[in-house]
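Please look over the model shown here. The notes that follow take it site by site.

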Amino acid sequence: MQYQCAKCNNTYEISPLRYKCDCGSALNLIADSRILPNAQVPAAMSLWRYREALPIDAETDIVTLGEGMTPLIPIETDAPEHLLKLDYLCPTGSYKDRGAAVLLTHLKALGVEEVVEDSSGNAGAAIAAYSARAGICCTIYCPESTSKGKLKQISAYGAELKLVEGNRMATTEAVKLAAETTCYASHNWHPFFLEGTKTLAYEIVEQLGWRAPTHVICPVGFGSIYLGLFIGFRELNVQGIIKDTPRLLGVQPDVCCPIYNAYLENTSFISRMIQTGETLAEGITAELPIRGDNILEALRSTNGAFTTVDDTNIKKGMKILATKGIYVEPTSAVVVSAYQKFKKEGTITTGDQVVSILTGIGLKSSGVL
Ligand SMILES: [Zn+2]
C-alpha cells in the first residue's frame with residue numbers, strides 16, 4: 001500500500017505528515033481492494049460490512065459510530081425512476097462520516113495523537129466527532145460565515161475551533177501552516193477519506209440487488225463524493241459485480257462552478273473561478289478543486305455531465321423535499337433542480353434509474369426556508 005501522485009506519478013510511503021506530493025498535487029492511494037458481497041462482519045449494518053474492500057488491516061481496531069447503510073428510497077411513492085440516498089442520516093448529520101471513520105481509523109493505527117482540518121462545517125463536525133471517538137486531539141479551521149449550528153456542533157465534540165476571516169480559500173490557507181507540524185486530517189487532500197466515501201457506491205449497488213443505477217447525481221465542491229463514487233463503481237465493475245458504471249452527474253452553485261466551466265468548454269484542466277457572489281450551498285464553494293484531474297477523468301470515463309443551480313432553485317428544491325418528509329441543508333437540495341435540468345436537456349431519459357445523494361441534514365442550517 002502506498003501513495004501515488006495524480007500528476008507526476010511519484011510514489012511515497014504512507015506517513016502522518018504526508019498529505020500531498022512534493023510537486024504540490026494531490027495523492028491517490030494504491031491498494032488492493034476486494035468487495036465480498038456476502039461478507040459477514042460484526043458491524044454488518046455499517047459501512048464496515050465492506051471491510052475487506054477498505055485499506056485497513058484485519059487486526060486494526062476500527063473507529064466507528066455506526067456510519068453508513070443509510071436508506072435508499074424513491075422521491076415519492078411509485079417513483080422508482082428517481083431514488084434518494086439519505087446519507088444525511090449518518091451519525092453527525094452528513095455523508096462526511098464515511099470518510100472520517102476510515103481516515104481516523106487509519107490515523108489512530110499510525111499512532112497519531114493530534115490532527116488539524118479545515119472545513120465549511122460538515123467535514124469539520126465529522127472529523128471532530130471521530131477524533132473524539134478515537135481519543136485524538138483535534139483543531140478545526142472554519143470560515144467565519146459557517147452556519148452557527150455547525151460551529152456549535154464542532155465545539156461540542158471537544159475540538160478547538162479557529163474561525164478565519166474571508167471565504168473558504170482563506171481558511172485553507174490558514175490551515176497550511178499548522179499542517180507542516182501536525183497531521184492534516186483533510187477531507188480534500190487525504191486519500192483515505194475517499195476510501196470511506198467510495199462505500200456509497202457499494203451500498204447503492206447492494207441495495208438495488210447488486211446492480212447499478214444508470215445515473216447518480218451529487219453536489220460537487222472539492223469532489224469527495226463524486227470521486228468516492230467513481231472509485232467505488234470502478235472497483236465493482238473491475239471485479240465483475242456490475243456490468244455498466246453509472247453516469248456521474250455533478251451539481252455546482254452558479255456563483256462558483258469551475259468544474260462546470262471546464263465541462264462546458266471541454267478543457268483538459270480546471271481553471272480557478274473566483275466566487276462571484278453569495279450562495280446558500282455553502283458546502284460546495286470550491287474555487288479550484290485540488291483533485292481536478294481526477295474529477296475530469298471520472299467525468300469523461302463515466303460519460304458524466306455537470307450543471308449549476310441558483311439560490312432560487314435551491315430553495316425550491318428544499319421545499320419540494322420537505323413536502324415529501326425530507327429535511328436537508330441547501331447544499332443537498334441542489335440535486336432536485338439538477339435532476340429536472342438533466343431531464344430537460346436529455347441527459348436523463350425515460351427508462352433510466354437515477355440515484356441522488358442527499359448529503360447533509362437540514363437541522364444545522366435551519367432558518368433558510
Ligand atoms: Zn507529484
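Leaving aside its neighbours within four places in sequence, which residues is Pro258 in contact with? They are Gln252, Ile270, Ser271, Met273, Ala286, Glu287 and Pro289. Contact here means heavy atoms within 4.5 Å.

This is a predicted model, in which local features need pLDDT of at least 70, side-chain atom pairs count only at pLDDT 80 or more, and totals for chains, interfaces and linings use all residues. Residues are numbered from 1 along each chain as its sequence is written, and side-chain values use heavy atoms, with hydrogens and water left out.

Pro258 sits in helix 8, residues 258-265. Helices (H or I, at least four residues) and strands (E, at least two) are DSSP runs, numbered from the N terminus. Pro258 is buried, at 1% relative accessibility. Buried means under 20% relative accessible area, exposed means over 50%, and partly exposed lies in between (1.4 Å probe, protein chains only). One of the contacts of Pro258 is Ala286. Pro258 and Ala286 are 28 residues apart in sequence, and their C-alpha atoms are 8.0 Å apart in space.

**The zinc site**

Four cysteines coordinate the zinc ion through their SG atoms: Cys5, Cys8, Cys21 and Cys23. The distances run from 2.2 to 2.3 Å. Donors are N, O and S atoms within 2.8 Å of the metal (3.2 Å for Na, K and Ca); water is not among the atoms, so sites may look incomplete. Along the chain, the donors follow the spacing C-x2-C-x12-C-x1-C.

Why is the arrangement called tetrahedral? The four donor atoms subtend angles of 103 to 120 degrees around the zinc ion. Four donors count as tetrahedral if all angles lie between 85 and 135 degrees.

Cys21 is buried, with a relative accessible area of 4%. Cys23 is partly exposed, at 43%.

**Helix 10 against helix 11**

Two packed helices are described by the angle between their axes and the distance between the axes. For helix 10 (residues 311-322) and helix 11 (residues 330-344), the axes come within 7 Å and cross at roughly 95 degrees. Axes are lines fitted to C-alpha atoms, for helices over the stretch in contact, and angles run from 0 to 180 degrees between N-to-C directions. Helix 10 and helix 11 are therefore roughly perpendicular to each other, a term that covers 65 to 115 degrees.

Helix 10 brings Asn313, Ile314, Gly317, Met318, Ile320 and Leu321 to the contact. Helix 11 brings Pro330, Ala333, Val334, Val336, Ser337 and Gln340. By class, the contact has eight nonpolar, four polar and no charged residues. Ala, Val, Leu, Ile, Met, Phe, Trp, Tyr, Cys and Pro count as nonpolar; Asp, Glu, Lys and Arg count as charged; the others, Gly among them, count as polar.

**Between strand 5 and helix 1**

Asp87 lies in the loop between strand 5 and helix 1. Is Asp87 buried or exposed? Asp87 is buried, at 0% relative accessibility. Beyond residues up to four places away in sequence, Asp87 touches Thr70, Ser94, Tyr95, Arg98, Leu200, Ile357, Leu358 and Thr359. Asp87 and Gly360 are 273 residues apart in sequence, yet 7.1 Å apart in space, C-alpha to C-alpha.

Leu89 is also in the loop between strand 5 and helix 1 (96-110). Leu89 is partly exposed, at 45%. Not counting residues up to four places away in sequence, Leu89 touches Thr70 and Pro71.

Asp78 has a positive phi and is not a glycine. Its loop runs between strand 4 (72-74) and strand 5 (82-86). Asn266 likewise has a positive phi without being a glycine. Its loop joins helix 8 and helix 9 (292-301).

| Residue | Phi | Relative accessible area |
|---|---|---|
| Asp78 | near 65 degrees | 73%, exposed |
| Asn266 | about 55 degrees | 58%, exposed |

Methods: Angles under 35 degrees count as roughly parallel, over 145 as roughly antiparallel, 65 to 115 as roughly perpendicular and the rest as oblique. Four donors count as tetrahedral if all angles lie between 85 and 135 degrees; four count as square planar and six as octahedral if opposite donors are over 155 degrees apart and all others between 65 and 115; anything else is irregular.
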